[in-house]
Amino acid sequence: MIQVKVFDEEHEDDLEKSVNEFLSGIPHDQFIDIKYQIAVCENVHEENSTMFSFSAMIIYKK
């Protein structure tokens, strides 16, 4: 069975840590792929208020 695990963090270091922890818990032969995305959003109501979203989806066999 193919599964996905989605991660979403505000900082790339946090995403890296979360993904690495998950990957260390599954056998190497179950890993299929990783999809990665960054989104940036500015809050027009506050000055210098830029939000970042770093996300990754891991596709693996269960």
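Q: How far does α1 reach from its first C-alpha to its last?
A: The reach is 18 Å for 13 residues, close to the 18 Å expected at 1.5 Å a residue. That expected span is 1.5 Å times one less than the helix's number of residues. Helices (H or I, at least four residues) and strands (E, at least two) are DSSP runs, numbered from the N terminus.

Q: And what kind of model is this?
A: It's a predicted model: local features need pLDDT of at least 70, side-chain atom pairs count only at pLDDT 80 or more, and totals for chains, interfaces and linings use all residues. Residues are numbered from 1 along each chain as its sequence is written, and side-chain values use heavy atoms, with hydrogens and water left out.

Q: OK, back to the helix. Which residues of α1 are buried?
A: Leu15, Ser18, Val19 and Phe22. They cover an arc of only 95 degrees around the axis, which puts them on the same side of α1. The arc is taken from the directions that run from the helix axis to the C-beta atoms. Buried means under 20% relative accessible area, exposed means over 50%, and partly exposed is in between, using a 1.4 Å probe and protein chains only.

Q: Which exposed residues sit on the face of α1 turned away from its buried side?
A: Glu16, Lys17 and Ser24.

Q: Ser18 is a serine. How does it count, buried or exposed?
A: Ser18 counts as buried because its relative accessibility is 19%. Not counting residues up to four places away in sequence, Ser18 touches Phe7 and Glu9. Touching, or contact, means heavy atoms within 4.5 Å.

Q: What do the buried residues of α1 pack against?
A: They pack against β1, β2 and β3.

Q: Then let's do the sheet. In what order do the three strands come?
A: The order is β1-β3-β2 in an open sheet, with antiparallel pairing. β1 and β2 are the edge strands, each pairing on one side only. Neighbouring strands are turned by 15 degrees against each other on average, direction ignored. α1 packs on the sheet, and its direction makes about 15 degrees with that of β3. Axes are lines fitted to C-alpha atoms, for helices over the stretch in contact, and angles run from 0 to 180 degrees between N-to-C directions.

Q: How many bridges join β2 to β3?
A: Eleven, with β2 covering residues 31-42. Two strands pair if DSSP finds at least two bridges between them.

Q: Who stands opposite Ala56 in β3?
A: Tyr36 does. Ala56 is also the bridge partner of Phe7. One more pair is Ile34, which stands opposite Ile58.

Q: Which residues make up the largest nonpolar core?
A: Nine in all: Phe7, Leu15, Val19, Phe22, Ile26, Phe54, Ala56, Ile58 and Tyr60. A nonpolar core is a set of buried Ala, Val, Leu, Ile, Met, Phe, Trp, Tyr and Cys residues joined through side-chain atoms within 4.5 Å.

Q: What is Phe7 in contact with, leaving aside neighbours within four places in sequence?
A: Leu15, Ser18, Val19, Phe22, Phe54, Ser55, Ala56 and Ile58.

Q: Ser55 is in that list. Where is the place of Ser55?
A: Ser55 is in strand β3 and is buried, with a relative accessible area of 18%. Beyond four places in sequence, Ser55 is in contact with Phe7, Asp8, Leu15, Lys35, Tyr36 and Gln37.

Q: And Met57, what's its relative accessible area?
A: 29%, so Met57 is partly exposed. Met57 is also found in β3. Its C-alpha is 5.1 Å from that of Lys35, 22 residues apart along the chain. Leaving aside neighbours within four places in sequence, Met57 is in contact with Val4, Lys5, Val6, Asp33, Ile34 and Lys35.

Q: Last one: where does His11 lie?
A: In the loop between β1 and α1. His11 is partly exposed, with a relative accessible area of 36%. The C-alpha atoms of His11 and Ile38 are separated by 10 Å, with the two 27 residues apart along the chain.
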